[in-house]
Amino acid sequence: MTAFLVRRCGFALVTLFAVLTLVFVLVRIVPGDPAQLILGDQASRETIEALRQRLGLDKSLFEQYSVFIAGALRGDWGTSLVTGRPVIGEVLNVLPWTIELTLLSLAIGIVIGVPLGVAAAVRRNRFVDYAARIASLLGLSFPPFVSALLLLLGFAIALRWFPVISGKNATFYEWYQSITLPALNLGLITAAYITRVTRSAMLEVLQEDYVRTARAKGVPWRAVIWRHGLRNALIPVITIVGLYLGILIGNSVLTEIVFSRPGLGKLIVGALNQRDYTMLQGMMVIYTLVVVIVNLLTDLAYGIADPRVKLR
Amino acid sequence: MTDIAAPAKPRSPVRYLLMATLRAFNANKTSWVGLVVFVLVVMLALLAPFLSPHDPLEQNLIARLKGPGDTYWLGTDNFGRDILSRLLYGARISLIIGLASTALALVIGSLIGMLAGWRGGRVDTLIMQVMDVLLAFPSLILGLIIVAMLGPSMINIIVAIALTSIPPFARIARAPTIAMKEREFVEACRSLGYSDARILGLHILPNILPEILVMGSLWLANAIRTEASLAFIGLGVKPPAATWGGMIREGFENILDSSWLVLAPGAAILIVVFALNLLGDGLRDAIDPKLKGEA
Amino acid sequence: MSAALLSIRDLTTSFRVDGQWRDVVRHVSFDVRAGETLAIVGESGSGKSVTALSIMGLLPQANSRTTGEIRFDGRDLLSLPEEEMRQLRGNRLAMIFQEPMTSLNPVLTIGFQIAEALIYHRGLDRSAAAAETLRILERVRMPAAASRLDDYPHRLSGGMRQRVMIAMSLACRPRLLIADEPTTALDVTIQAEILELIKTLQREEEMAVAFITHDMGVVAEIADRVVVMLQGEKVEEGATPALFKNPQAPYTRALLAAVPRLGDMAGRSEPEPFVLIDVLSGAETMPAKRQRRIDAAGAPLLEVAGLSTRFDVRSGVFSRVSARVHAVENISFALHAGETLALVGESGCGKSTTGRSILRLVEPLAGSIRFEGHDVRALDREGLRRARQRMQMIFQDPYASLNPRKTVGGAIAEPIIVHGLAGRAEAAERVGALLKRVGLSPDMAGRFPHEFSGGQRQRLCIARALALAPKLIVADEAVSALDVSIKAQIINLMMELQDELGLAFLFISHDIAVVERISHRVAVMYLGEIVEIGPRAAIIDHPAHPYTRRLMAAVPVPDPARRRPARALSTSDIPSPVRSADFVPPLRRWRDLGGGHHVMEE
């Protein structure tokens with residue numbers, strides 16, 4: 001187990017470096033001069049040259065790279081080209097909003113998805129199964145911004161249960177008002193995903209020999225399903241939920257935009273529209289960190305769920 | 001015991017594959033629904049110039065933001081353009097980008113995955129580590145950055161979506177390749193002196209192709225959704241060309257009083273993606289050997 | 001005679017396949033008396049396992065149907081509600097399964113899995129159940145039982161897992177134990193121990209055992225009475241000695257005739273085919289006499305010297321080589337045209353790796369392989385391709401070794417075309433001839449593998465191997481997965497082909513009774529090394545190495561009159577060939593016993 005975790009940590013570091021390098025390369029393969037692109041066609045040579053210096057574009061590629069990596073690791077991600085404030089501060093300002101939203105939707109997804117998936121597998125080809133399958137396939141087919149728009153149209157505009165635009169969190173009521181629709185939107189899509197994964201993992205597990213053994217032992221059906229079945233089915237579910245978090249982060253961007261909710265989503269779209277390169281770089285770093293940490297947590301959960309992992 | 005198998009007429013391999021496909025469809029009637037709807041959408045897109053009641057780009061400033069009615073069946077947008085015509089033309093962009101990027105990712109990803117699975121050892125470890133890194137990174141964000149950097153042209157969007165879909169295809173192709181490699185018939189092929197290329201191309205590929213194609217239909221759904229998401233964020237094919245995501249983006253500004261502006265393209269995306277998911281999901285159930293023998 | 005504990009009358013079980021109900025067990029009736037062992041014998045598809053699952057009520061309710069009467073201890077099980085049935089299962093009525101590797105839950109400790117039955121049926125709390133579990137584990141002679149309670153199944157070998165399965169089923173002292181092929185997946189020495197354990201526990205607990213098996217040797221060893229099943233029906237029932245001595249049904253006679261018996265061949269130097277008996281009519285087919293003699297004086301076809309193959313085991317943070325599997329360690333032998341050399345040994349002894357190393361399907365580490373005078377290890381890609389025309393391989397699982405998406409004609413023609421031996425038209429002709437040669441009809445060429453039965457598929461694999469006109473065939477457990485009667489047919493076919501074409505076989509098998517029938521010479525492998533090699537008669541009649549003796553003693557003899565006396569219960573594990581990275585294999589010395597019989601000194 002220790003060797004396994006040390007290896008995964010090593011892999012996490014490699015991932016971090018790989019993605020940072022990828023970010024570095026991506027920002028630099030842009031056709032043309034970034035400074036020119038940022039400032040537009042009317043800018044004078046001097047202003048462009050000044051910006052080039054500020055961005056460090058006059059240095060050699062290797063120097064730029066080492067400055068970038070060292071900065072990224074120290075938490076010095078430069079200053080926003082638009083606001084002039086440090087990138088890390090801007091990111092940390094909105095990060096809690098996004099974390100809160102994604103964690104809550106993940107919780108909604110698990111609470112709905114796991115029991116529904118188990119029920120569908122156990123009652124295969126019965127009503128629950130068909131309903132769960134169609135509902136989850138529908139959930140997976142919704143582009144997140146379309147479902148968000150529907151929620152907005154229905155609950156905020158038509159029914160007026162929630163405000164159309166909300167970004168205040170001072171009281172519990174305000175918090176509830178601002179987070180319910182976005183969390184519901186992401187949570188239901190997550191639930192659709194988890195339902196499907198749980199169902200197919202459970203279907204496979206229920207055919208295993210050890211489930212038959214448990215029944216031959218006279219273990220009540222309920223305990224066969226939850227203790228013998230789900231414990232095993234959780235192993236693939238954990239892996240796939242870990243991979244899904246990448247999608248969840250992407251979906252949260254779209255959700256945040258529709259609900260005008262502060263968060264990384266609004267930040268990155270703003271940076272894209274205003275060609276704020278330093279901000280984009282910084283955001284890529286924070287996304288990478290999040291992904292790496294999530295992967296480590298997934299590995300840890302995997303190691304706890306599957307005793308065989310210790311062998312590796 | 002007498003050694004008798006059920007008598008059967010000799011059949012050609014082509015007919016065999018055809019039968020297998022038909023059986024797969026039959027096993028899951030919802031796949032048929034998905035297929036029919038998807039083919040219908042493709043036909044509509046192909047025939048868009050003949051079917052569109054109006055020019056999708058023609059502005060009619062007198063008829064701005066008209067609700068659905070007789071002249072404009074699905075209403076008009078902020079510039080007085082016909083929503084229905086824009087939907088039909090938008091289908092073309094969605095389908096071209098979706099099909100091209102999925103095909104690209106399918107071919108490249110499957111080759112990478114098969115190679116990694118077949119070679120094994122360090123080559124495999126290295127390739128799959130790279131794929132895992134790419135897979136872990138939020139693909140929408142990656143796509144956003146790539147399109148933002150390269151510029152929002154159709155080719156660039158195709159490349160961006162394809163790049164983010166390569167890792168899943170590599171994974172999908174790798175697992176069955178390894179499973180096949182351990183099957184005795186592949187070892188038999190090696191002992192019969194066949195070349196690696198022959199074994200991979202003629203013996204392994206036909207066995208894993210159904211799985212890859214089924215995933216292809218599911219990822220086509222994903223690619224169409226991603227294209228719409230990019231366009232919604234403002235990184236789709238440049239306006240005034242009609243894209244479904246772009247139409248929602250434009251309609252979003254007037255959502256309070258003209259909800260059809262977002263509902264019509266939203267429904268279009270949902271229908272296509274849902275149809276493809278139905279198709280792929282049904283096929284996957286039908287070919288999944290793990291769930292066989294269990295009615 | 002005591003009264004029947006389990007009484008089955010007119011049992012019929014059907015499954016729904018594609019909307020059609022098909023009977024898998026038809027009108028079967030038999031009794032199991034208290035304290036006796038009843039063997040239910042049959043080949044695949046005979047319905048013996050389905051019968052067991054019907055008794056236990058473990059068939060999927062949605063697509064199966066059971067009619068008739070199953071009375072257990074005075075109660076009709078088929079009319080019992082599921083909850084009452086559950087209370088019987090694992091309590092009064094227990095079952096163990098064939099696959100010890102997959103029958104235990106990988107994420108629960110073995111202590112808990114055994115205790116579970118006690119918790120549900122006896123109402124014990126966790127600590128009382130744990131104490132009782134320990135006692136049961138000791139009763140099944142689990143070594144270091146106390147330290148095993150918190151282990152997970154993946155840490156145990158197959159034999160140990162089967163002990164856990166037995167402990168689990170005996171936890172509540174059932175009246176009847178149904179054992180479904182409990183030793184089939186185990187090595188022969190482990191099988192002997194588990195059989196002995198079941199016998200001992202049965203005496204101690206005074207329980208009845210319904211023992212399901214396909215192995216007549218095991219039946220003779222363990223059963224008081226026998227029920228023989230064929231295609232879902234009972235064809236014969238009787239006391240074990242009577243049934244073996246005087247079988248009535250043609251099928252029973254065919255089955256017994258096809259069973260290789262260790263010691264059958266005493267005093268005969270040449271291999272001998274089986275007499276085949278038709279299952280339905282009982283008509284006998286005498287095999288053709290063998291003509292060919294081996295030219296032992298000439299140069300050997302294959303000469304292996306000092307062959308070693310090792311696999312690295314990597315672990316730790318930097319994936320350093322922490323250990324090596326010494327799969328094949330310094331083995332040498334020679335094989336002449338027309339000769340069969342058998343490689344025997346238990347799982348992990350390296351016999352399969354030896355075969356694969358000779359064809360270089362895995363790369364050997366050291367040693368020399370000379371085939372038809374060429375150094376196989378020195379061949380380049382092209383040379384190896386050509387050499388593989390002359391040496392071919394047949395595998396254990398005939399279904400897995402055929403590409404499911406290729407017609408069998410295409411599969412057999414492909415090597416001919418790839419190696420440029422003939423054009424398409426001529427290849428098609430040769431396919432027809434080959435199919436005929438292996439006892440199939442040429443017009444089957446257009447079919448797909450799934451349309452054939454297991455025995456037919458193995459014939460197809462043989463035809464494909466013959467397509468390149470090889471001189472050497474490595475047969476890796478080629479008949480092990482086949483039913484007894486089919487096995488006899490395939491063995492006869494292989495002998496015929498050898499006689500006709502002068503083929504040399506390297507016959508890799510764990511089944512010593514089959515080996516005795518087919519081979520000229522035998523090499524016994526243990527932990528990657530050949531410990532004894534020599535003429536078949538010498539090895540089987542006068543084994544010299546202690547391991548060979550242990551192996552021979554463990555083979556069940558299909559003759560109830562020669563049942564071995566009860567032995568002391570022992571617990572062993574087959575040691576593993578995994579060694580530390582710095583392990584240097586010891587130098588071995590050999591003793592010559594004359595007549596080509598060599599044994600490794602300890």
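Biologist: What makes residues of chain A count as being in contact with chain C?

Modeller: Two residues are in contact if their C-beta atoms, placed from the backbone, lie within 7 Å. In this predicted model, 23 residues of chain A are in contact with 26 residues of chain C. The numbering of residues runs from 1 along each chain as its sequence is written, with chains lettered from A in the order in which they are written. Local features need pLDDT of at least 70, side-chain atom pairs count only at pLDDT 80 or more, and totals for chains, interfaces and linings use all residues.

Biologist: Which element gives the most to the side of chain A that touches chain C?

Modeller: With 7 residues, α9(A) gives the most to that side. Helices are DSSP runs of H or I with at least four residues, and strands are runs of E with at least two, numbered from the N terminus.

Biologist: How do you know that the reach of α16(C) is close to the expected one?

Modeller: The expected span is 1.5 Å times one less than the number of residues. Helix α16 of chain C, residues 484-501, has 18 residues and reaches 26 Å from its first C-alpha to its last, close to the 26 Å expected. Just after α16(C), Gly502(C) takes a positive phi of about 70°.
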